[in-house]
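Have a look at the model first, then read on.

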Amino acid sequence: MFYFVLRLLNTPNLILSTFSVATSYVASYLTYMRSPYYALAYSANDAVLIILWILACVEDISYLPMVICFTAFLVNDIYGFVSWSRMLQRQRRGD
């Protein structure tokens, strides 16, 4: 479904863009469901977005701040997943 909409919009890097929208959708759903795995889905989305912005940087270096921004998001999402995992372990132990 995402693929066809993005194709109608003449989206560059169609396959990667489709994967980005799909991972974002999954991440939003997991966030809504309060799953600690939301951060992994957002991390996957961040990785795809980093690649997409690097591809844009090849054309125009002024997009470099976006690469840095999504790299920071990736670090933050990994930290979020680790934090959720540690909190779950403490709760299961009864700390």
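Two rings of Phe, Tyr or Trp (its six-membered ring) count as a pair if their centres lie within 6.5 Å. This is a predicted model, and a search of the whole structure turns up seven aromatic pairs. As for disulfides, the count is zero.

**Aromatic pairs**

- Tyr-3 and Phe-4 put their ring centres 5.4 Å apart with planes at 85°, so they make an edge-to-face pair.
- Both partners are partly exposed: Tyr-3 has a relative accessible area of 28%, and Phe-4 has 49%.
- Trp-53 and Tyr-63 also pair up, with ring centres 5.4 Å apart, but here the planes sit at 45°, so the pair is tilted.
- Trp-53 is partly exposed at 23% relative accessible area, and Tyr-63 is partly exposed at 34%.
- There's a cluster too: ring pairs tie together Tyr-38, Tyr-42 and Trp-84.

- Why is Cys-57 in no disulfide? A disulfide needs two cysteine sulfurs within 2.5 Å, and the nearest one to Cys-57, that of Cys-69, is 12 Å away.
- Cys-57 is buried, with a relative accessible area of 13%, whereas Cys-69 counts as partly exposed at 27%.

Methods:
Residues numbered from 1 in each chain as written. Predicted model: local features only at pLDDT ≥ 70, side-chain atom pairs only at ≥ 80, totals over all residues. Heavy atoms only, no water. Phe/Tyr/Trp six-rings, centres within 6.5 Å; stacked < 30°, edge-to-face > 60°. Buried < 20%, exposed > 50% of the residue type's maximum accessible area, 1.4 Å probe, protein only.
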